[in-house]
Amino acid sequence: NMLEPCEPKKYVSKTPLGLPKLPLPDLKDTMDMYLRCVKHLLTEEQFNKTQKIVKQFEAPGGVGELLQSKLVEKREKTANWVFDYWLNDMYLNNRVALPVNSSPVMVFPQQNFRAPIDSLKFAAHLISGVLEYKALLECSHDLPVDCARGQLAGTPLCMEQYHRLFTSHRLPGLEKDKLVAQESSMMPEPEHMIVACKNQFFVLNVVINFCRLNERDVLIQLEKIKEMAESGEDRLPPVGLLTSDGRTEWAEARSILMRESMNRDSLDMIERSMCLVCLDEASGPELSDTTRAMLMLHGGGAAKNGGNRWYDKPMQFVVGEDGCCGVVCEHSPFEGIVLVQCTEYLLKYMIGSPSKLVRAASVSELPAPRKLHWKCSPEIQKRISSSADKLQRLVKNLDMNVHKFCDYGKEFIKKQKMSPDAFIQVALQLAYYRCHGRMVSTYESASTRRFRKGRVDNIRSATPEALAFIRAMTDGKLSSKKMRMLREAITAQTNYTVLAISGMAIDNHLLGLREIAQEMKMEKPEIFKDAAYLISNHFLLSTSQVPTTVEMFCCYGPVVQNGYGVCYNPQSDHIIFSVSSFHESPETCSAEFVKHLLQGLQDMMDLCNELQQRIKPLSTIRLKLLRIIL
């Protein structure tokens with residue numbers, strides 16, 4: 001058959017019933033932990049001032065108590081008291097361009113396409129996988145509930161993020177963006193994808209009369225799209241470049257586009273689509289992991305595939321003629337683990353289910369894919385040119401280094417009876433210290449999906465215990481003392497991780513207190529104007545563990561101009577690190593950071609092995625003594 005029948009389905013919530021609400025930490029606990037987290041990152045003078053401000057803030061009958069009582073009320077009335085505050089602060093209020101700065105990417109293994117048709121076959125197979133996965137999402141009993149891994153493993157997790165994968169987009173605003181998500185089952189499901197090819201956009205209907213296109217016909221439609229894009233007729237400006245600009249600039253450009261009915265139709269088709277499939281042109285000969293990561297993050301700029309994107313869509317599947325493939329993700333609708341689960345399903349589907357390119361009896365019923373048209377005024381042409389220039393600056397600025405560390409992986413760390421994540425976080429602190437001679441405020445994302453509508457909080461990895469260990473490593477202390485301090489640093493990191501995933505960390509709580517003060521039209525409390533608060537929220541080290549069970553890796557850019565973005569994927573016998581920074585910052589260098597990271601991981605392994613060697617003879621002596629006694 002040309003078409004595979006599929007029932008019209010509606011999204012069913014799969015979130016486990018009875019998930020608890022996100023707790024609200026006690027004000028005193030947060031204030032005490034805040035002081036503990038910032039003390040070693042401040043000068044003595046700064047810390048003394050902060051201590052006084054905190055004491056005043058948490059005093060009985062003071063501002064802190066009032067704000068806390070308002071948060072208690074908010075928690076009672078809402079599903080998740082911090083959800084909107086967090087979404088606005090992390091994403092929607094942020095004005096920076098999405099590529100590199102905000103949108104993470106998954107980089108697939110290098111594909112070996114021998115002929116141009118091979119990349120289209122890969123894309124058709126991938127699209128079939130997307131449709132299978134989307135069918136799972138629409139039918140709640142088919143998609144297994146995620147359960148927590150690592151610390152506090154086995155707890156069921158909130159699943160609502162999954163339903164925004166293919167039914168949402170980020171709408172630019174002059175001051176604040178909006179996450180437009182289809183919440184109602186009364187709305188019609190999107191039945192089309194957008195295919196980007198040579199900076200042109202085409203509508204690919206994947207469901208026709210409640211029937212899903214089979215893989216063979218998807219391929220035929222992709223061939224038609226490629227032909228239309230290459231014909232050169234009616235070649236339109238690369239409008240997609242506008243979505244790579246700062247959010248305010250894109251909002252202004254979009255409002256100009258909206259004046260024309262033709263543009264309104266094109267925007268509507270893109271924004272209501274399931275996802276984008278970007279058929280990229282070859283980008284050049286050298287396709288190392290680092291190069292592929294950079295190309296996935298920014299498309300190589302306007303001269304390459306930077307305009308072959310629509311950055312507002314949550315899922316953009318990139319298939320390059322040269323085998324450079326992956327996913328670009330707009331981060332506001334969901335977290336990294338949701339992206340991983342989806343992409344792992346797709347890659348496993350493609351490996352496990354053979355391509356179904358059976359010849360169809362007749363394809364005459366298939367309507368030709370529709371090309372989207374744009375009416376571009378001189379003002380829009382000027383803005384496209386400006387967006388292209390800014391994207392090119394971003395391309396030149398990104399300093400990326402992807403390294404596969406092969407000396408050991410998580411199995412070696414587990415044998416030391418240590419948490420692999422905590423071990424790697426301590427190694428990152430050691431690397432930063434060796435690079436820059438100081439410890440800085442660090443962000444590690446921790447999932448709060450154990451709670452209703454949970455997203456993330458921050459694990460503050462720059463602990464006093466990690467600093468003590470780092471100093472011991474540089475002061476030439478005895479190995480036994482270093483080892484004790486390493487274990488203390490790892491325990492501190494693990495304890496804070498448990499705090500964060502249990503909804504009891506400080507960052508979301510401080511954000512809630514700050515935002516509710518603003519809602520109450522109060523003058524900003526002194527604690528949020530203090531240098532300590534500003535320093536503690538300037539994350540020079542932004543990190544995330546994104547483990548996968550299929551060969552691929554995740555990466556993203558730094559969150560501040562003079563910082564690093566570090567994403568790591570621990571496997572049993574190796575660890576993949578993706579380190580990013582900006583060339584324009586004289587303080588940072590990704591290659592230098594990686595060099596110190598590798599040395600630190602080696603030193604930490606040597607420390608563990610050295611103590612193992614010492615313990616072995618002692619155990620043998622004890623055994624001999626025991627035998628003599630017996």
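Does tyrosine 564 count as buried or exposed, and at what relative accessibility? At 1% relative accessibility, tyrosine 564 counts as buried, where buried means under 20% relative accessible area, exposed over 50% and partly exposed in between, with a 1.4 Å probe and protein chains only. The model is a predicted one, in which local features need pLDDT of at least 70 and side-chain atom pairs count only at pLDDT 80 or more, while totals for chains, interfaces and linings use all residues. Residues are numbered from 1 along each chain as its sequence is written, and side-chain values use heavy atoms, with hydrogens and water left out.

Tyrosine 564 also has an aromatic partner. Together with tyrosine 432 it forms an edge-to-face pair, 6.0 Å centre to centre and with 85 degrees between the planes. Rings of Phe, Tyr and Trp (its six-membered ring) pair if their centres lie within 6.5 Å; planes under 30 degrees apart count as stacked, over 60 as edge-to-face and the rest as tilted. The pair links distant parts of the chain, as tyrosine 432 belongs to helix α13 (residues 420-436) and tyrosine 564 to strand β18 (residues 564-570), 132 residues apart. Helices (H or I, at least four residues) and strands (E, at least two) are DSSP runs, numbered from the N terminus. Tyrosine 432 counts as buried because its relative accessibility is 2%.

The structure holds 16 aromatic pairs. Among them is the edge-to-face pair of phenylalanine 528 and tyrosine 533, with 5.0 Å between centres and 75 degrees between planes; both of these residues are buried. One aromatic cluster is formed by Phe201, Trp250, Trp310 and Trp374. Rings also meet charges here: the charged end of lysine 453 sits over the ring of phenylalanine 83, 4.4 Å from its centre, and lysine 74 lies over the face of tyrosine 85, at 4.8 Å from the ring centre. For this, NZ of Lys or CZ of Arg must be within 6 Å of the ring centre and within 35 degrees of the ring normal.

Next comes the sheet. Eight strands form an open sheet in the order β12-β6-β5-β9-β10-β11-β2-β17, with mixed pairing. Its edge strands, β12 (370-371) and β17 (553-555), each pair on one side only. Two strands pair if DSSP finds at least two bridges between them. Strand β6 (residues 200-205) pairs with β12 in the antiparallel sense over two bridges, and with β5 in the antiparallel sense over six bridges. Valine 203 of β6 is the bridge partner of isoleucine 194, and arginine 370 in β12 is also a bridge partner of valine 203. In the hairpin of β5 and β6, with two residues between the strands, lysine 198 takes a positive phi near 55 degrees. Five of the six residues of β6 are buried, so the strand is mostly covered.

Helix α6 (residues 215-230) lies across β5 (192-197), β6, β9 (276-280) and β12, and runs at about 160 degrees to β6. Axes are lines fitted to C-alpha atoms, for helices over the stretch in contact, and angles run from 0 to 180 degrees between N-to-C directions.

Helices α1 (residues 27-38) and α2 (residues 44-57) pack at about 175 degrees, with axes 11 Å apart. They are therefore roughly antiparallel (angles under 35 degrees count as roughly parallel, over 145 as roughly antiparallel, 65 to 115 as roughly perpendicular and the rest as oblique).

How values were computed
Contact means heavy atoms within 4.5 Å.
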